[in-house]
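Reader: Please walk me through this one. Start wherever you like.

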Amino acid sequence: MKYLTSFLFSLLFLFTNSDLSAQGSLKQKTIFPAGISLEYGIGSYAVSDEYISEEKYSGSLPCYSITWSNQHSDYVYHLKMDFSNSSGIKNNNVTTDIFQFTLNQGFSYALPEFTLFNNPAYLYLGPSTELFFFFNKQNIAVSGFDYTQSFALLFSGGITSQIIYQLSESFTIDGELDFNILSLGFRMVDMEESDESPVKILTLISTNNVVFSLGPRYYLQNNLSIKAAYLFHLTRIDSWEPLLSASDNVVFTLTYGF
Amino acid sequence: MKEIYLIFSIVCLSLFLSCKDLVVTEPELNLNVEDFEAAWDRINDVYPYLDFKNINWDSIHTAYRERIDNAKGDEFFIVFGDFLAELKDGHVYYRTKGGGEVYPYYPQRHFKDRHAYSPFIVRKYFDKELRITESKSVEYGILPENIGYLFISDFHEDYLINEFPGVMNYFKNTKGLIIDIRQKRGGGYDNVEAVVSRFIAEPLEKPPYYRDGHLLELLPFQPAASLAYTNPVVVIINGSTFSAGELCTEVLKQLPNVTAIGDTTGGGSVGSGNEGLYFLPSGKSIEIGYDDLRRYDGLPWEWLGVPPDIRVVQTEVDIIAGKDKQLEYAINMLK
C-alpha cells in the first residue's frame, strides 16, 4: 500500500509539474504537440494469414490509442499504446476475430526547420522500440475443440519520424511515419508437422510493420488540439507462413498539452 | 478552382481508403475442389465403416460437390466440415493449412457426459493431495479403507509404458483398485498394453483388429514381469471415454477380478494414429483412420461403445451438488 501511494503521488507530481529539473526546459516553445493524446479510429482492414488460409479477410476494425509525449530540451519522448479488435473480419460467410496491440516508445529529435510554399515545416526523426501483438482466431469450427488460430509477436527497433507543416498559428498538417528495422519475432508454428523455430530474428527484408498518418490539426486553445487524419498500417511477416495485413483508417485525436 | 480542389481531394481520399486492397489481395486460385475430391477418394479407399454405418458415399459426393463448387473462399471450411461430419466419427478431423485439429463431429454420449465428471469433486474424497506422474498422464492416490484410485488422462506417447509400473507399485498393498477412465480421448495401443499387462497373470488374447478388411494376427497381451494385480478392480467409464480408453476398458472387462461401472463409452474404434493424417493438394490435411478395431464379441465399438457391467448414471446435476455417484459406487463395491 505504501508503494502504491508513493507511485500514485509520483504520477500526480509528474503530471502537475511541468518543470522537472532532469527534463530540460519544457517551456521551450515548439510546434510539437506534446502532452496526452486520446485517439479513436475506424478503419477498413484486410488480412491474409497463410498459417490458416491464403484467403483474404476484410472488414471494419476500430482502434483506440493513448499517447503520452514529453518535450525535453533536445528531443521529444513518446509512449503510445494502441489496441484494435473486431469479430467481424470476413471472408464471404466466414468470420475471424482479430486482435492487435501495440506498445511503442520513441525519441524524436528536431531536424533543421525549412520552408515549403512559404510556410514553415518541422521535421523530427529518431529511434523507437515497439512491441506488436497480432492474434487471429477463425470461426470455422462446427463444434467442440478447435485450434484454428494464429498469432505473431514482434519486439522491434525502428525509426519514428514526424513532419509538421504550419499553415497558421492554430492550424497545422501533421504527418508521421514509423517503421521497424530489426525485430525479434514469434509466430505460431505447426509443432506436429514442422521443426521450424517459432522465434526468429527478422530484418526489413522479411518483416515490415509500418504506420503512416497524415492529417490536419487544429488548436482550439494553446494547449488543446484536435486532429483528423488518414492512417495506414501495414504488417508483413514472411519468415514463416506469410502474414500480410493492411488497414486504411480515419482517426480522430484529442491532444492536451502540458 | 474550388471544383478542382474538391475533385483532387476525393481522388486522394479514394486512393487512401483503398490502399489496403492494393497490399492484401485475393489469392490467384484456390484448390478447394481438388481438396474435396482428394478427401472423398481417400475416405472411399481406406475408411472401414462406410458399410457398417450404411453410408452411400457416392451420394455424399453428389450432394457435396455442388456445395463445394458454390462455396466461395473459406466458406469451403464450412462445407468441408459438414462433409466430414457425414462420417459421424469422433476420430475424424481436418487441419487448416497450419492450424490445429478441427473436429466436425463429436459422439452424442460425449456431449451427454462431458460435464458429468469433475476432477475437483473427485479430490473431495481424498484426505490428502493426489500424486501425479511426471507426464501428468496419471493422477493417483489411496482412498480411506486402503482402496487405490488412479485416473488415466492420456494414452499418448509412451507415458504409460514408462510410468505405469511405478504407479502400480504404489498400489501393491491395497485391497482394491479404482481405475477412472472418464473424460479421455485416445492414444496408442502400446500404452493400453502397458496398463493391461499389470493385471494379467497369464497371456490374454487380443480383441479382433482388421486392416484393409483383413484380420491381423496379433500376439496376445503378455503379463508384466512383476506380480499381477489380482485384487478387485473397478473401472469407471462414461460417454466421454473414447478410443484407446474404450479398448483398455474392453480388455480389462475380460478379467474375472474387474468390473466396469458407469455408462456406455463414446464409441470410436477406427485407428491409425498420426499415420492417418492425409495431406490434400492445398496443404490442408485430414485425419482418416483405416484400422478397424473390434470388441471381443466381434462388433466394432464405433458408435456402439463399450457398455459397463453395471450401469451407474451420473449427470451434471450430481457434480453441481458435489457428488460423484459413480466413484461412491466403486468405493462401496471395494469396501
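**Loops, a patch and salt bridges**

Author: Let's begin with Asn92(A), which sits in the loop between β4 and β5 (94-110) of chain A. Helices (H or I, at least four residues) and strands (E, at least two) are DSSP runs, numbered from the N terminus.

Reader: Before we go on, what kind of model is it, and how are residues numbered?

Author: This is a predicted model, so local features need pLDDT of at least 70 and side-chain atom pairs count only at pLDDT 80 or more, while totals for chains, interfaces and linings use all residues. Residues are numbered from 1 along each chain as its sequence is written, chains are lettered from A and ligands numbered from 1 in the order in which they are written, and side-chain values use heavy atoms, leaving out hydrogens and water.

Reader: OK, back to Asn92(A). What's its phi?

Author: Near 50 degrees, a positive value for Asn92(A), a residue other than glycine. Most residues other than glycine have a negative phi. Asn92(A) is partly exposed, at 34% relative accessible area. Buried means under 20% relative accessible area, exposed over 50%, and partly exposed in between (1.4 Å probe, protein chains only).

Reader: What about phi at Glu157(B)? And is Glu157(B) buried or exposed?

Author: Phi of Glu157(B) is also a positive value, near 50 degrees. Glu157(B) is in the loop between β5 (147-152) and α8 (159-170) of chain B. With a relative accessibility of 62%, Glu157(B) counts as exposed.

Reader: Give me the big picture for chain A. How many helices and strands?

Author: One helix and 13 strands. Of the 258 residues in chain A, 46% are buried.

Reader: How much of the contact count in chain A is between residues 24 or more positions apart?

Author: 61% of the chain A contacts with a separation of 6 or more. Contact means heavy atoms within 4.5 Å.

Reader: Switching to the surface: which residues form the nonpolar patch?

Author: Leu38(A), Ile66(A), Leu79(A), Met81(A), Leu103(A), Leu167(A), Phe171(A), Tyr218(A), Leu220(A), Ile226(A) and Leu254(A), together giving about 890 Å² of accessible area. Patches are made of residues with over 30% relative accessible area and no salt bridge, joining like charges within 9 Å and nonpolar side chains (Val, Leu, Ile, Met, Phe, Trp, Tyr) within 5 Å. Accessible areas come from the Shrake-Rupley method with a 1.4 Å probe, and for residues only the protein chains shown count as cover.

Reader: Which strands each supply at least two of the patch residues?

Author: β4 (76-91) and β11 (207-221) of chain A. Met81(A) is a β4 residue, and counts as partly exposed because its relative accessibility is 39%.

Reader: Now salt bridges. How many over all chains?

Author: 26. A salt bridge is a side-chain nitrogen of Lys or Arg within 4 Å of a carboxyl oxygen of Asp or Glu. One of them joins the side chains of Lys53(B) and Asp89(B), at 3.9 Å, N to O. That pair links distant parts of the chain, 36 residues apart: Lys53(B) is in the loop between α3 (32-46) and α4 (57-70) of chain B, and Asp89(B) in the loop between α5 (75-85) and β1 (93-95) of chain B.

Reader: Are Lys53(B) and Asp89(B) buried or exposed?

Author: Lys53(B) is buried, and Asp89(B) is buried too.

Reader: What does Glu145(B) meet in a salt bridge?

Author: Lys175(B), at 3.8 Å, N to O. Glu145(B) is in the loop between β4 (138-143) and β5 of chain B and Lys175(B) in the loop between α8 and β6 (176-180) of chain B, so the pair ties together parts 30 residues apart in sequence.

Reader: And which residues are linked in a network of salt bridges?

Author: Lys112(B), Asp113(B), Asp263(B) and Arg311(B). Within it, Asp113(B) and Lys112(B) meet at 3.0 Å, N to O. Asp113(B) is buried at 3% relative accessible area, whereas Lys112(B) is partly exposed at 46%.
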